[in-house]
Amino acid sequence: MSDCKDLSEPTRSEVRQKVFALIGDDTARRGVSDWAAQWVRRTDPDIEDPGVWLALTRLSGADFRDSPTTYLHGDEDFAAWLRDLGES
């Protein structure tokens, strides 16, 4: 895991782009999950925007599987995450 002390808080736009990357593309899951986990795994993540924090916690599990051949979350979930994130 990379050290994200010097990384600025992700914006809603950046998070939205990561969610869009997941829709219809299973190959993006690991990278998006690892990206979000940079903040989620921190002792003090210091994410000010509660919508961004919720999205990061969800994205950090984007690569979870519920069986050896299927993922726990799918395109419908990702669309719901986008709606929850809002337009701002």
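Helices in these legends are DSSP runs of H or I of at least four residues, numbered from the N terminus. All views show a predicted model.

**View 1. The loop between H2 and H3, with Asp 46.** Asp 46 is located in the loop that lies between H2 and H3. Its phi is positive, at about 55 degrees, although the residue is not a glycine. Most residues other than glycine have a negative phi. Asp 46 counts as exposed because its relative accessibility is 51%, the cut-off being over 50%.

**View 2. Packing of helices H1 and H4.** Helix H1 (residues 12-22) packs with helix H4 (residues 75-85) at an angle of about 165 degrees, and their axes are 9 Å apart. H1 is therefore roughly antiparallel to H4. The crossing of the two helices, H1 and H4, is left-handed.

**View 3. Residues in the contact of H1 with H4.** From H1, Arg 12, Val 15, Arg 16, Val 19, Phe 20 and Leu 22 meet Asp 75, Phe 78, Trp 81, Leu 82 and Leu 85 of H4. Of the residues in this contact, 8 are nonpolar, 3 are charged and none is polar.

**View 4. The largest nonpolar core.** This core has 18 residues, and those with the most contacts inside it are Val 15, Leu 22, Trp 35, Leu 56 and Leu 59. At least two residues of the core come from each of H1, helix H2 (29-40), helix H3 (50-59) and H4. In soluble globular proteins, nonpolar side chains tend to be buried together.

**View 5. Surroundings of Trp 35.** With residues up to four places away in sequence left out, Trp 35 touches Pro 10, Val 15, Lys 18, Leu 56 and Leu 59.

Note on methods
Residues are numbered from 1 along each chain as its sequence is written. This is a predicted model: local features need pLDDT of at least 70, side-chain atom pairs count only at pLDDT 80 or more; totals for chains, interfaces and linings use all residues. Side-chain values use heavy atoms; hydrogens and water are left out. Axes are lines fitted to C-alpha atoms, for helices over the stretch in contact, and angles run from 0 to 180 degrees between N-to-C directions. Angles under 35 degrees count as roughly parallel, over 145 as roughly antiparallel, 65 to 115 as roughly perpendicular and the rest as oblique. A crossing is left-handed if the near helix is turned anticlockwise from the far one by less than a right angle, and right-handed if clockwise. Contact means heavy atoms within 4.5 Å. Ala, Val, Leu, Ile, Met, Phe, Trp, Tyr, Cys and Pro count as nonpolar, Asp, Glu, Lys and Arg as charged, and the others, Gly among them, as polar. A nonpolar core is a set of buried Ala, Val, Leu, Ile, Met, Phe, Trp, Tyr and Cys residues joined through side-chain atoms within 4.5 Å. Buried means under 20% relative accessible area, exposed over 50%, partly exposed in between (1.4 Å probe, protein chains only).
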